[in-house]
Amino acid sequence: RPNTETYKILMDVYVQRGNLEKVQEIFEEFPDEPTVELYNKLIQAHGKLGSAERALDIVKGMNAPNTKTWLQVLRAFAVRKDLETVQSLIRERVPEPTIDILNIELSLLGTRDPRRAEKYLYNLRQEYNVVPDAESFYHVMNGYRRSNKSTPTFKMEQLLSLHPDVIPDRT
């Protein structure tokens, strides 16, 4: 009898082939109560091949969505560059945002307004008790690079000199 891992692999194959209907069918054929991992695969499929709203609807039917669940939903909205929905979901629905989740918002902010993204970066530790990672800085720098408001090298030096507490200790 196929196990959960088998179903996840099959669902991945059909996501890669772009066949959302088959992914849904495989999910519905699972003989037991679907696991969070299977729900996450279904959400990922709807986010990539269907609609972000449908991905969010699936979360509403889950007992206990996890961080990966929210990453999948937020990525679906991020692909559409829907910053407002991403922000709303993070603040209203995601119980404990991780840096991976917050980087999705930071990426969208960086694209729209690098200065606002930079301010958000500085407040991550205080507001969410998370430490920015390399990806966080990348999103801010990329926003400045695209906007031509500051040279990335200068901006990186400025970011790091103002906030040495975000640099990992190498001792």
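Lys8 and Glu5 are separated by about one helical turn, because they sit three residues apart in helix α1. Helices here are DSSP runs of H or I with at least four residues, strands are runs of E with at least two, and both are numbered from the N terminus. Lys8 forms a salt bridge with Glu5, and their closest N and O atoms are 3.3 Å apart. The term salt bridge stands for a side-chain nitrogen of Lys or Arg within 4 Å of a carboxyl oxygen of Asp or Glu. As background, side chains of opposite charge can pair when their charged atoms come close.

## About the model

This is a predicted model, in which local features need pLDDT of at least 70 and side-chain atom pairs count only at pLDDT 80 or more, whereas totals for chains, interfaces and linings use all residues. Residues are numbered from 1 along each chain as its sequence is written, and side-chain values use heavy atoms, with hydrogens and water left out.

## The overall picture

The chain's secondary structure consists of ten helices and zero strands. Of its 171 residues, 44% count as buried. Contact means heavy atoms within 4.5 Å. Among contacts in the chain with a separation of 6 or more, 54% come from residues 24 or more positions apart.

## Salt bridges across the chain

Let's return to the charged pairs. The structure holds nine salt bridges. One of them joins the side chains of Arg1 and Asp32, at 2.8 Å from N to O. This pair links distant parts of the chain, 31 residues apart: Arg1 lies in the segment before α1 (4-16), and Asp32 in the loop between α2 (20-29) and α3. Arg1 counts as exposed, with 75% relative accessibility, and Asp32 is partly exposed, with 44%.

Another salt bridge brings together the side chains of Lys41 and Asp12, at 2.9 Å from N to O. Here too the pair links distant parts of the chain, with Lys41 in helix α3 and Asp12 in helix α1, 29 residues apart. Lys41 counts as buried at 15% relative accessibility, whereas Asp12 is partly exposed at 26%. Elsewhere, salt bridges that share partners join Glu53, Arg80 and Asp82 into one network.

## How α3 meets α4

The axes of helix α3 (residues 36-49) and helix α4 (residues 52-60) come within 7 Å and cross at roughly 160°. Axes are lines fitted to C-alpha atoms, for helices over the stretch in contact, and angles between N-to-C directions run from 0 to 180 degrees. The two helices are therefore roughly antiparallel, a label for angles over 145 degrees; those under 35 count as roughly parallel, 65 to 115 as roughly perpendicular and the rest as oblique.

On the α3 side, Tyr39, Leu42, Ile43, His46 and Gly47 meet Arg54, Ala55, Ile58 and Val59 of α4. The residues of this contact divide into six nonpolar, two polar and one charged. In this scheme Ala, Val, Leu, Ile, Met, Phe, Trp, Tyr, Cys and Pro count as nonpolar, Asp, Glu, Lys and Arg as charged, and the others, Gly among them, as polar.

## A buried glutamine

Gln87 has its place in helix α6 (residues 83-92). Gln87 counts as buried, because its relative accessibility is 17%. Leaving aside residues up to four places away in sequence, Gln87 touches Glu105, Leu109 and Arg116.

Technical notes:
Buried means under 20% relative accessible area, exposed over 50%, partly exposed in between (1.4 Å probe, protein chains only).
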